[in-house]
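Open the model in your viewer and keep the selection panel at hand.

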Amino acid sequence: MESLRIVPGKGDKAATVQDTSNSFGLHDTLKYGPRSLAAEVQSTGKIRDRLENWEATQDNLKLQMQRQLFGLHMPMRLMMERKIVSQNPHMPILPQSNLHLDILMGRDETLECADFMTPASEMAHPLDIHADMEKKLRM
C-alpha cells in the first residue's frame, strides 16, 4: 500500500539522455519534451531528500492508520484542531511558541536545540509591546 509508507519514497528520477534517446542516440524532444541540463547536472543525495520528507511521511502514516482504525472522522478532527491551534494570536515582540500544536503533533516530549539555545540577541532587546502592537495594527 502506498499510503502506509514508513520511510519517504524515492524522489522523481530525472530523465537523462540515455533514457530519452532515439535510434540515433540523440535526445528525442518530440517524445520527451525539451532537454533539461539543470536536471542532469543537479545531483542531490537520496538520503537528504528522504530526510527532508521524513516528518511529513510519518505524519501521513499516523493519519492513515487513525483513519483505518477509527474512521474518517479522527484524522479530520485532528487536522481541524491543528488548523485552529496554528492560528495563534500572540504579541509580536514576545517569542512565539505553540505548545498546543506541539502536543497535537507529538513533539511535546522531544528536545531540540532551538528549545534551549536561544540567541542572546533575542533576549537582549527591550520589550516595547505598545509600539509593536501599534505597528501590527497600523495605528
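A residue counts as buried when its relative accessible area is under 20%, and as exposed when that value is over 50%. The model is predicted.

**Stop one: Asn-98.** Select Asn-98. You are in the loop between helix H5 (73-86) and helix H6 (99-105). Is Asn-98 buried or exposed? Asn-98 has a relative accessibility of 15%, so the residue counts as buried.

Now show the surroundings. Leave out neighbours within four places in sequence, and Asn-98 is in contact with Val-85, Ser-86 and Asn-88. Draw a distance from the Asn-98 side chain to the backbone oxygen of Val-85: it reads 3.1 Å.

**Stop two: the whole chain.** Zoom out and switch to cartoon. The chain has nine helices and zero strands. Along the sequence, the pattern reads α-α-α-α-α-α-α-α-α. Colour by accessibility next. Of 139 residues, 12% count as buried.

**Stop three: the surface.** Switch to a surface view. The accessible surface of the chain is about 12,000 Å², and carbon and sulfur atoms hold 59% of that area.

Select Ile-6, Val-7 and Trp-54. These residues form a nonpolar patch on the surface. Together they have about 270 Å² of accessible area.

End on Val-7. Where does Val-7 lie? Val-7 is in the segment before helix H1 (29-32). Val-7 has a relative accessible area of 37%, so this residue is partly exposed.

Technical notes
Residues numbered from 1 in each chain as written. Predicted model: local features only at pLDDT ≥ 70, side-chain atom pairs only at ≥ 80, totals over all residues. Heavy atoms only, no water. Patch = residues over 30% accessible without salt bridge, like charges linked within 9 Å, V, L, I, M, F, W, Y side chains within 5 Å. Areas by Shrake-Rupley, 256 points an atom, 1.4 Å probe, with all protein chains shown as cover. Salt bridge = Lys/Arg side-chain N within 4 Å of Asp/Glu carboxyl O. Helix = DSSP H or I, 4+ residues; strand = E, 2+ residues; numbered from the N terminus. Buried < 20%, exposed > 50% of the residue type's maximum accessible area, 1.4 Å probe, protein only. Polar contact = N/O pair within 3.5 Å; in protein donor to acceptor, adjacent residues only side chain to side chain. Contact = heavy atoms within 4.5 Å.
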